[in-house]
Amino acid sequence: MGVADSPGSVADNLSAAPASGGHGGSRLALTIGALGVVFGDIGTSPIYTLQTVFNPDDPHPVPVSRENIFGIVSLIFWSVMIIVTVTYVLLAMRADNDGEGGIMALITLLRRWTLPGGRRTAMMLAALGIFGASLFLGDSMITPAISVLSAVEGMKTVSSGMDDFIVPVTAVIILVLFLVQRRGTAAVGRVFGPIMIGWFLVIGACGVGGITKHPDILKALSPTYALGFMAGHFGIAFFALAAIVLAVTGAEALYADMGHFGRSSITRAWLGLVFPACVLSYLGQGALILDDPANISAPFFLLTPGWGRLAIVLLATAATVIASQAVITGAFSVAAQAAQLGYLPRLRVAHTSESTIGQIYVPWINWLLLVSVLTLVFAFRTSAALAYAFGMAVTGTITITTLLFFYLARAKWGTPLWLITLGAIPLLTVDLLFFSANMTKLVHGAWLPLLIAVIAFTIMTTWQRGREVVTAERERREGSLREFVDRVRTDHTTVATVPGTAIFLNRGKETAPLAMRANVEHNHVRHRQVVILTIHTGLVPRVPAAQRISIDHLGYADDGIIHVTASYGYMDTPDVPAALRLLDPAETEGVLDLEHASFFLSKIELRRGDEPTMALWRKRLFIATSHITSDAAEHFALPRDRTVTMGSWIEV
């Protein structure tokens, strides 16, 4: 409490950060890691996409005919090409915030630049982006449930008596997945990468096997089939888009995970293996349905020879676990960035790699997702019941990401308006068609991600507003640190000096710590040696001990009051007592008694006030959300028996 981990400027620290994948071996390792984390979601879409499109129980079913099969397969191919390859891989991933991707990175970039239209435009775009991030959090809850369920349901193609085991087996797999998250993205990627390489090779080979039975399915790669199907059967094609969108699920996770592995690694993996394998699988399934329309019951699994069906079910289960990993790590990134932007409280974030700053683990988000995913599994029980909920989350996030990217391209990069129009109109038209089609499924499950998004959006915007109120009031109460030091130094009549050393943790050196102000104004004492300490976390993995400490005497070299900045890398574990032992006694205006020093934290208690700062229900929500803020004493390794938390209260 009272300490902010400000990351510092990129210019100061980026040159010292190790490049992710600077050599051939590192590039290969990152590419394999990306295959194991980033592409699980989109790489397992072939399991359920075509099956959902031709589902006879759909409220708007697609009749099985040769013309419709060619049209659907062509629509899937070009949807993936336009949305994933063009929108995300070629365009959106060029917009990164110090290497971080995802919709929160776009919001950060938009806030850095003066936008045409002024504050109102900036607020509207930021709100739109936050809603998109909220939709992605809903996607992060739905993806593990639908992905693992769809794979475990493949057991029915092996034995019809396995129905009762599907939900329990799914729940156990999901539980294990979330329990291993603490080991870090890099460790998970190393394990999952080789599995996903095998997955893509197998589904590509099975797809080739299907294509050999009906080679003319390759004609579906022509855009004329997709355009002809949309123009000639718009009523059928429009409603089919609600299921076709399942082929691009994971596109936003791909962007959000850019901070974990870097743009180049993701691009190489997508173009070199993932995209070709998925296309071959879709073509093979289309050929299989052409061969026998009854194969629509499970075209992905039936594409595999009978002798290998159990093996493909097991491999699919492993792959869908990895699909869940993609959105889980994406959710970690979104939550961490939201906290940095002031839309969420300070969360405990564990960095798990020395080479890539974006590889993180956020415990609170991990356990929230676990509970949410298990709830969805037991509530919906089948992947088909979750399919339309899935599509709404995906299309909403994609549409908002596309809109923000093109606005950023115009505002930041000065891209000519004619070029923006040439790119934005067709891409947004595709996105809005998908979004509109999913809106028709609102009563069939599409309401779920909207509900999750509204809840998350409300929490984040409420925290942002409440934080503004509290920060303004706190700065007013703290006052100028320099003026406070001047007063303490000269006031010998009402303020007594007591022996000992006191360390006050503070957010910076502009304002006075509330705990120190309370000690002086209410207890009328100050310690002989006073250290006001600020923790600074940079963008490098580690800071050498020789560069850990910097001292500011606050204008006087003889009053025993100094300000110390302790600098850490993102891989360092902040240890305040150890940092203070690095201080040179000649610079501290007296010897610090660190073995008996008292550590003071300023804790703010929030209360509902009468001022019309927010609606009453939002004040209650803000106060409730504040309780998940990570504990400062534990985070900074303060000795519990010598740590004093001095409270103050602020009305919101």
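W447 lies in helix α20, where helices are DSSP runs of H or I with at least four residues, numbered from the N terminus. This tryptophan is partly exposed, with a relative accessible area of 41%; buried means under 20%, exposed over 50% and partly exposed in between, with a 1.4 Å probe and protein chains only. The model is predicted, so local features need pLDDT of at least 70 and side-chain atom pairs pLDDT 80 or more, whereas totals for chains, interfaces and linings use all residues. Residues are numbered from 1 along each chain as its sequence is written, and side-chain values use heavy atoms, without hydrogens and water.

Turning to helix α10 (residues 223-232), A226, F229 and M230 are buried. They cover an arc of only 95° around the axis and therefore lie on the same side of α10, the arc being that of the directions from the helix axis to the C-beta atoms. An α-helix has 3.6 residues a turn, so residues three or four places apart point the same way. On the other side of α10, T224, L227, A231 and G232 are exposed. The cover over the buried residues of α10 includes α5 (66-91), α11 (234-244) and α19 (417-439).

The largest nonpolar core has 156 residues, of which F39, I72, M104, W199 and F200 touch the most other members. Such a core is a set of buried Ala, Val, Leu, Ile, Met, Phe, Trp, Tyr and Cys residues joined through side-chain atoms within 4.5 Å. A second, separate core of 22 residues includes I535, V564, Y568 and V576.

Methods:
Helices (H or I, at least four residues) and strands (E, at least two) are DSSP runs, numbered from the N terminus. Contact means heavy atoms within 4.5 Å.
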